[in-house]
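Here's a structure to look through together. Have a browse, then we'll go through some questions.

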Amino acid sequence: MPRRDLAHLSDEAVVALTARSDEVALAELYDRYGRVAYGLALRVLRDEALAEDAVQDAFLAIWRGASRFIPERAKASTWILTLVHRRAVDLVRREQRRRVEPLPEGDLVAGGGASAEDTAWLRLERERVQAALARLPDQQREAIELAYYGGFTQSELAERLGEPLGTIKSRMFAGLAKLRELLDGPLDGDPWTPRHFTG
Amino acid sequence: MDPETLHGLTAAYALDALDPEERDAFEEHLAGCERCRVEVAELAGAA
């Protein structure tokens, strides 16, 4: 029997069904985000088996935590990839496999079972993020790449880069705010600027 | 950790760049701080 078709539903609606222990809904989320999740986990972990573990753990967390998802606070895709990223970072720290250099271009879209259409979409999305990252000042880009893809904590970054912790915090904040602006277009109202830094 | 320090952890939290103790302290803070919740949501959209 073919699987119930949920393709017409929004991500948020599919998460709502998942929260009611609907296994078809969970499978739908996996179809939509499994490959992006794996690409993200692989970029952080640089190990296919560990990346698969991270994705599996994350989808278990999605299954168990779907009822706590609050659509007013985040897009479902952001929530899902946040869970994936956190597990990947936890694993990389546990495995102590962290590296300084980001993966070379192209590694993430090669191979695998996704359709050509998925792969093209992923490549476009990745190029968009890379282009935005490339427009950041070098120090902001470095802080964000090392934290997000390298799994370094802010304290480790301060130590390794020989900078005060407050400087690292400012770079991460300013870099992320700028990235958001570049990826989303200008925000309404006042320009969004850092408000508070201490430490 | 004092509140001003906690307010300054939004970006590091969005990047998963906090160590476990900092993350726990920040999540406790986040539950009661609307300002940081909004900020994390905005930053997480970019991360």
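Helices (H or I, at least four residues) and strands (E, at least two) are DSSP runs, numbered from the N terminus. This is a predicted model, so local features need pLDDT of at least 70 and side-chain atom pairs count only at 80 or more, while totals for chains, interfaces and linings use all residues. Residues are numbered from 1 along each chain as its sequence is written, chains are lettered from A and ligands numbered from 1 in the order written, and side-chain values use heavy atoms, leaving out hydrogens and water.

Q: What pattern does chain B follow along the sequence?
A: Chain B has 4 helices and 0 strands. Read in order, that gives α-α-α-α.

Q: How are α3(B) and α4(B) placed relative to each other?
A: Their axes (lines fitted to C-alpha atoms over the stretch in contact) come within 6 Å and cross at roughly 110 degrees, on a scale from 0 to 180 degrees between N-to-C directions. Angles of 65 to 115 degrees count as roughly perpendicular. The two helices are therefore roughly perpendicular.

Q: Which residues of α4(B) make the contact with α3(B)?
A: Contact means heavy atoms within 4.5 Å. From α3(B) come Phe26(B), His29(B), Leu30(B), Ala31(B) and Gly32(B). Their partners on α4(B) are Glu34(B), Cys36(B), Arg37(B) and Val40(B).

Q: What share of chain B counts as buried?
A: Buried means under 20% relative accessible area, with a 1.4 Å probe and protein chains only. Chain B has 47 residues, and the buried share is 57%.

How values were computed. Angles under 35 degrees count as roughly parallel, over 145 as roughly antiparallel, 65 to 115 as roughly perpendicular and the rest as oblique. Buried means under 20% relative accessible area, exposed over 50%, partly exposed in between (1.4 Å probe, protein chains only).
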